[in-house]
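Work through the exercises below with the model open beside you. Try each task before you read its solution.

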Amino acid sequence: MCGQCHTRGKSKDGNFFFPVSYKPGKNLEDHFDEIKPDYIQNSSHWWGNGRERKRHQEYFAWKQGGHANSLKSFTEGYDGKYGELTNDCLVCHAATAAMKGKGAGVGLGDVEHGITCAVCHYSHGDLDEPRLGCDSCHSKGAYFHHPTRNEGHIPCPSSANVQCVNCHMPLTGKNGGEYALHSHTPGIVQPKDTAEFGVPSSCANGECHQDRDVEWLQGTYEVHYGVGDVVPPETAS
Ligand code: HEC
Ligand code: HEC
Ligand code: HEC
Ligand code: HEC
Ligand code: HEC
C-alpha cells in the first residue's frame, strides 16, 4: 500500500513512474518494476551495499530486512525453540496484532504481514510521530529471545544518549543536500562500507563520530563487535 509511492521504478508498460494498475491489497511487484540496488557498485539511487541514497525508497529497503519477514520467519519452518506459537507471540511478530496490542485476541488466522510501515508510522496524519517505538518489541534491549547478548551491545556511554535508530537506521539518503533520510533496512552499516562505497556508516552518522577517520572507526567497531558481518540469530553461538 505505502510502497506504491515510497519506492521507485516503472509501470509494467514502461510509460509511467508510478504503478498505474495497482490496487491496495494486490501484489505491487505484479504491477511495477522497482529500481533495485545491484549490491556491487553505487547507482544514482542506491549505495553499492544496498542502502538508500535517495528519497522515496523506503519500501524496497524495508523488504530486505528482518521486519518484513518477522511473520514468515516464525511460522515457516519454526522448530519450537522459543515455545509454542501463541497469540502473544504475534504482538511482536505480526502487524495487525502489534497495532491492536496484547489481549485483543488476534490469532494466526487474522494476520498476513510482518512488521509493516503502519506498525511504526500512523497512516492518517501525525506522520512525523512514531506509532510504536522500537522498545515496544525490543523491550529488553536488542534481543528478546537471547537477553544475554544484550550485554555490551551498546558500547557508547549513556551520556551520548544513542538510540536504536541512530545505529540501525543510519542516515544514508540525501535530501536537500544533506544526509537526512533514515535507511529502512534495519541493521548496521560498517565503516568499511564507507571506504568501499562512500556510504555514511552507522558509527559516523548524524552528530556521532564525524571527527574520526574510517580506519579508527572500523578498528574500534571490530574491538566491540568482532570482525565480519552480523551473525543471524539462528546461527550465532
Ligand atoms: C499517494 C502516494 C503516497 C502514499 C500511498 C503514501 N505516501 Fe507517504 N509520502 C508521500 C509523499 C509525496 C511524501 C512527502 C515526502 C517526500 O516527498 O519524500 C510522504 C511522506 C511520508 C512520511 C514523512 C512525513 C514527515 O513529515 O516526515 C512518512 C512517515 C510517510 N510518508 C509514511 C507513509 C506510510 C506509512 C504510508 C502507508 C500507510 C504512506 N506514506 C503512503 C506519498 C505517499
Ligand atoms: C512490532 C514489534 C517491533 C517493533 C516496533 C520494532 N521491532 Fe525490530 N524486530 C522485531 C522482530 C519480531 C524482529 C525479528 C524478525 C525475525 O527475524 O523474524 C526484529 C528484528 C530487528 C532487527 C534485526 C533485523 C534483521 O534484518 O535481521 C533489528 C536491527 C531491529 N529489529 C531494530 C529495530 C529498530 C531500530 C526499531 C525501531 C525503529 C524496531 N526494531 C522496532 C520486532 C519489532
Ligand atoms: C516482546 C516481543 C517478542 C515476543 C512476544 C516474541 N518475539 Fe520472537 N523475536 C523478537 C525479537 C526482538 C526477535 C529478534 C531478536 C532476538 O533473537 O531476540 C525475534 C526473533 C524471533 C525468531 C527468528 C529469529 C530466530 O532466532 O530464529 C523466531 C523464530 C521467533 N522470534 C519466535 C517467537 C515465538 C515462537 C514467540 C512466542 C512464544 C515469540 N517469538 C515472541 C521479539 C519477540
Ligand atoms: C551503538 C550502536 C548501537 C545501538 C545504539 C544499538 N545497536 Fe543493535 N547492534 C549494533 C551492532 C554493531 C550490531 C551487530 C553486531 C552484533 O550482532 O552484535 C547490533 C546487532 C543488533 C541485533 C541483531 C543483529 C541482527 O541484525 O540480526 C538486533 C536485533 C539489534 N541490534 C537491535 C537493536 C535495538 C532494538 C536497539 C535499541 C534498543 C539497538 N540495537 C541499539 C549496534 C547498536
Ligand atoms: C521498525 C519501524 C519502522 C518501519 C517498519 C518503517 N519505518 Fe519509516 N521511519 C522509522 C523511523 C524511526 C523514522 C525516523 C523518524 C524520525 O526521525 O522521527 C522513519 C522515517 C520515515 C520517513 C521520513 C524520512 C526519513 O527517512 O526520516 C519516511 C518517508 C518513512 N519512514 C516511510 C516508511 C515506509 C514507506 C515504510 C514501509 C515500507 C516504513 N517507513 C517503515 C521507522 C520505521
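**Exercise 1: the two ligand shells**

Task: Find which residues are closest to ligand 1.

Solution. Ligand 1 is surrounded by 13 residues, and the closest are Cys 2, Cys 5, Cys 117, Ser 123 and Leu 127. A residue is near a molecule if its C-beta atom, placed from the backbone, lies within 6 Å of it. This model is predicted: local features need pLDDT of at least 70, side-chain atom pairs count only at pLDDT 80 or more, and totals for chains, interfaces and linings use all residues. Residues are numbered from 1 along each chain as its sequence is written, while chains are lettered from A and ligands numbered from 1 in the order in which they are written.

Task: Find which element gives the most residues to the shell around ligand 2.

Solution. Start with the shell: 24 residues surround ligand 2, and Gly 66, Ser 73, Cys 134, Cys 137 and Cys 164 are the closest. Next, list the elements that give two or more residues: α2 (72-75), α3 (87-93), α5 (117-120) and α6 (164-168). Helices here are DSSP runs (H or I, at least four residues), numbered from the N terminus. The element that gives the most is α6, with three residues.
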